[in-house]
Amino acid sequence: IILGKEMAVQTISSTSSSILSRVKIISDNYECETRDLFNRLDIKFKLDIITKYIESIELSEHITNAPVNGCIEYIKEIMLTIEHEITTLEKEIEEYNKRWVGNMSSLKFKTQFTNVESHVSILEQRFNMLIKILKK
């Protein structure tokens, strides 16, 4: 159980780093609504705090706590989903820029924007649940 928990924490940490790297690349290279989206979501702050908080949890104290384990696993899962959505967004922006010169239309990426917003909201809810469980 400890090994599984440590692997989940490592996955959360590496996924958070990957997401933040992609967010920076997208924001720096494509001046469209993506920067506004990432700022509005405050994604850098949220990922940083969530990752540090989960890394700081004493695994030995909560090792048999199924709800804690479940929350961490579901947080990992939604972070992987966010990473996939941002990777997809990055690829679609790159493809769009290869075909079209000029300003990007945010309507083209509305689905990806909505997906990222939805998944970040789910991440927040899961993190809040983890905090509530740990306070008991």
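In this predicted model, helix α3 (residues 43-56) packs against helix α6 (residues 110-135) at an angle of about 30 degrees, and the two axes lie 11 Å apart. Because angles under 35 degrees count as roughly parallel, α3 is described as roughly parallel to α6. The crossing of α3 past α6 is left-handed. On the α3 side, the contact is formed by I43, K46, L47, I50, Y53 and I54; α6 contributes V120, L123, E124, F127, L130, I131 and L134. Classified by residue type, this contact of α3 with α6 comprises eleven nonpolar and two charged residues, with no polar ones.

Helix α6 also packs against α2. The axes of α2 and α6 come within 11 Å and cross at roughly 10 degrees, and the two helices are therefore roughly parallel to each other. Here E33, T34, L37, R40 and L41 of α2 meet F113, V116, E117 and V120 of α6. The contact of α2 with α6 is made up of five nonpolar, one polar and three charged residues.

The largest nonpolar core contains 35 residues, of which I43, I75, I86 and L130 touch the most other members. Two or more residues of this core come from each of α1 (2-29), α2 (33-41), α3, α5 (66-99) and α6. The greatest contribution is that of α5, with eleven residues. In soluble globular proteins, nonpolar side chains tend to be buried together.

When neighbours within four places in sequence are set aside, I86 is in contact with I19, R22, V23, I26, F38, I43 and V116.

Definitions and conventions:
Residues are numbered from 1 along each chain as its sequence is written. This is a predicted model: local features need pLDDT of at least 70, side-chain atom pairs count only at pLDDT 80 or more; totals for chains, interfaces and linings use all residues. Side-chain values use heavy atoms; hydrogens and water are left out. Axes are lines fitted to C-alpha atoms, for helices over the stretch in contact, and angles run from 0 to 180 degrees between N-to-C directions. Helices (H or I, at least four residues) and strands (E, at least two) are DSSP runs, numbered from the N terminus. Angles under 35 degrees count as roughly parallel, over 145 as roughly antiparallel, 65 to 115 as roughly perpendicular and the rest as oblique. A crossing is left-handed if the near helix is turned anticlockwise from the far one by less than a right angle, and right-handed if clockwise. Contact means heavy atoms within 4.5 Å. Ala, Val, Leu, Ile, Met, Phe, Trp, Tyr, Cys and Pro count as nonpolar, Asp, Glu, Lys and Arg as charged, and the others, Gly among them, as polar. A nonpolar core is a set of buried Ala, Val, Leu, Ile, Met, Phe, Trp, Tyr and Cys residues joined through side-chain atoms within 4.5 Å. Buried means under 20% relative accessible area, exposed over 50%, partly exposed in between (1.4 Å probe, protein chains only).
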